[in-house]
Amino acid sequence: MMLQIARREERQVGKYRVTLLYDQQDRVIGALVEGPRLSRPVYIAVNERAVPRIPKQVKKFLAKHGFQLS
């Protein structure tokens, strides 16, 4: 199954830029995190359980949008 990105929304969380990606039903399907301590942008799917090394404030922001990071 191929997902289509219908909309992007960019937010600034501290020094990090978080781009939320939405599908046609206006549900969050992923996020792209960019920041000074990341060597390259990190993509996180909304139902991904892996925990990338990102700051606590970014994790809290993503949790508000339905991401299940522990």
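A polar contact, as I use the term today, is a pair of N or O atoms within 3.5 Å; within protein, one must be able to donate a hydrogen and the other to accept it, and residues adjacent in sequence count only if both atoms are side-chain atoms. Here is one: the side chains of R7 and D26 make a polar contact of 3.0 Å.

Some ground rules. This is a predicted model, where local features need pLDDT of at least 70 and side-chain atom pairs count only at pLDDT 80 or more, while totals for chains, interfaces and linings use all residues. Residues are numbered from 1 along each chain as its sequence is written, and side-chain values use heavy atoms, with hydrogens and water left out.

Let's stay with R7. R7 sits in strand β1. Strands here are DSSP runs of E, at least two residues; helices are runs of H or I, at least four; both are numbered from the N terminus. How exposed is R7? Its relative accessibility is 33%, so R7 counts as partly exposed. The cut-offs: buried is under 20% relative accessible area, exposed is over 50%, and partly exposed is in between, with a 1.4 Å probe and protein chains only.

A polar contact of 3.2 Å links the side chains of R7 and E9. R7 also lies over the face of Y22, 3.9 Å from the ring centre. For that call, NZ of Lys or CZ of Arg must be within 6 Å of the ring centre and within 35 degrees of the ring normal. Setting aside neighbours within four places in sequence, R7 is in contact with L20, L21, Y22 and D26. Contact means heavy atoms within 4.5 Å. One distance as well: R7 and Q24 are 17 residues apart in sequence, and their C-alpha atoms are 7.9 Å apart.

Now the other end of that first contact. D26 lies in the loop between β2 and β3. Its phi is near 65°, a positive value in a residue other than glycine. D26 is partly exposed, at 49% relative accessibility.

D23 is in the loop between β2 and β3 too. Buried or exposed? D23 counts as buried, at 5% relative accessibility. A polar atom of the D23 side chain lies 3.2 Å from the backbone nitrogen of Q25. Beyond four places in sequence, D23 is in contact with Q4, A6 and I29.

Next, the helix. A general point: an α-helix has 3.6 residues a turn, so residues three or four places apart point the same way.

Just after α1, G66 takes a positive phi of about 100°.

On to the core. A nonpolar core is a set of buried Ala, Val, Leu, Ile, Met, Phe, Trp, Tyr and Cys residues joined through side-chain atoms within 4.5 Å. The largest one has 17 residues. Those with the most contacts inside it are V18, L20, V58, L62 and F67. β2, β3 and α1 each give two or more residues to this core. The largest share, 4 residues, comes from β2.

G30 is in strand β3. G30 is buried, with a relative accessible area of 0%. Leaving out neighbours within four places in sequence, G30 is in contact with T19, L20, L21, Y43, I44, A45, V46 and F67.

E48 is partly exposed, with a relative accessible area of 29%. A polar atom of the E48 side chain lies 3.1 Å from the backbone nitrogen of A45. Beyond four places in sequence, E48 touches Y43, Q68 and L69.
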